[in-house]
Amino acid sequence: PRGALQLDERGEPVYGPKDAPDIAAIRALGLPFWLAGSYGSSEKLREARELGATGIQVGTAFAFCEESGLAEPLKRAAIAKWVLERNASPERVRTDPQASPTAFPFKVAPLDGTLSDDAIYAARARRCDLGYLRQVVVGADGKLVYRCGGEPIEDFLRKGGTIEETVGRKCLCNALMANADMAQTQIDGYVEPALVTAGDDIVDLPRFFGPDREVLYAKDVVEQLLG
């Protein structure tokens, strides 16, 4: 969010009027544009087109299709939780302002056995052995160093970081590899856990599946989006 970070009662960032895109100004540029963020429905596609957008970007619905590269156990667990149980008050995705080492708000789907579980997070030893999200900073000696808020705390502090920048940070590099069924097995046998990310509209997944279905194909999603 623009301006000073404010959190609601769930510890999520509060977005305000400054964060709303000026669609008219974007449209006036005369360039193609797409709208995203809970636009995964035929109604929102129609709305986007009426606003002048070329189309929409859809992530969540396709993430749980059979063609998706999401690890099969994670896919099945998510479908069981948000589709098959058909809970009247399904658990929401949480926008975590601390999870990413980059401090960019990261949407976390609460799933057992993943880093969304505080116990799983606490049991994982901090390490930075992939380094995709490391940041380059100038050290005290004037030399460039790489650091990450998810690495061992003593290493981060030695490189000039602050303890506040390490609170709640998760190793998204290893977690996202685990999401794609390529979890690292460390030398001590520890298998890196996943951290599933999804949009707020994960609660709308049952609409795509329909009654008595446990699998979804990309073709089904496209057909529903096109109405």
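The lining of the largest cavity divides into seven nonpolar residues, one polar residue and three charged residues; here Ala, Val, Leu, Ile, Met, Phe, Trp, Tyr, Cys and Pro count as nonpolar, Asp, Glu, Lys and Arg as charged, and the others, Gly among them, as polar. The structure is a predicted model, in which local features need pLDDT of at least 70 and side-chain atom pairs count only at pLDDT 80 or more, while totals for chains, interfaces and linings use all residues. Residues are numbered from 1 along each chain as its sequence is written, and side-chain values use heavy atoms, with hydrogens and water left out.

**Cavity**

- A search of the whole structure finds one cavity of 30 Å³ or more. On a 1 Å grid over the protein atoms alone, a cavity is a set of points where a 1.4 Å probe fits but cannot get out, whereas a pocket is an open set with protein on both sides within 12 Å along at least five of seven lines; lining residues have an atom within 4 Å of a point.
- The volume of the largest cavity is about 50 Å³, where a volume is the space filled by probe spheres set on the points, and grid points are joined across faces, edges and corners.
- Among the residues that line the largest cavity are C128, C148, C171 and C173, together with R127, E151 and K170.

**Pockets**

- The largest pocket has a volume of about 360 Å³, and 15 residues line it.
- A36, G37, S38, K107 and G199 lie nearest the centre of the largest pocket, whose lining comprises five nonpolar, seven polar and three charged residues.
- The second largest pocket holds about 200 Å³ of space. Its lining has 14 residues, with R94, D96, V108, S116 and D118 closest to the centre.
- By class, four nonpolar, three polar and seven charged residues line the second largest pocket.

- In helix 2 (residues 42-50), the buried residues are S42, L45 and A48; helices (H or I, at least four residues) and strands (E, at least two) are DSSP runs, numbered from the N terminus. Buried means under 20% relative accessible area, exposed over 50%, and partly exposed in between (1.4 Å probe, protein chains only).
- The buried residues of helix 2 line one face of the helix, because they fall within an arc of 120 degrees when seen down its axis; the arc is that of the directions from the helix axis to the C-beta atoms.
- Strand 1 (34-35), strand 2 (55-56) and helix 9 (218-225) are included in what covers the buried residues of helix 2.
- G52, which follows helix 2, has a positive phi near 100 degrees.
- The residues D220, V221 and L225 are buried in helix 9. They are on the same side of helix 9, because they cover an arc of only 130 degrees around the axis.
- The cover of the buried residues of helix 9 includes helix 2, helix 3 and helix 8 (205-209).

**T60 in helix 3**

- T60 is found in helix 3 (residues 60-63) and is buried, with a relative accessible area of 9%.
- Not counting residues up to four places away in sequence, T60 touches A198, G199, D201, I202 and L205, where contact means heavy atoms within 4.5 Å.

- Strand 5 (residues 135-138) and strand 6 (residues 144-147) run antiparallel and are joined by four bridges; two strands pair if DSSP finds at least two bridges between them.
- V138 has L144 in strand 6 as its bridge partner.
- The hairpin has five residues between the strands, and G142 takes a positive phi near 85 degrees there.
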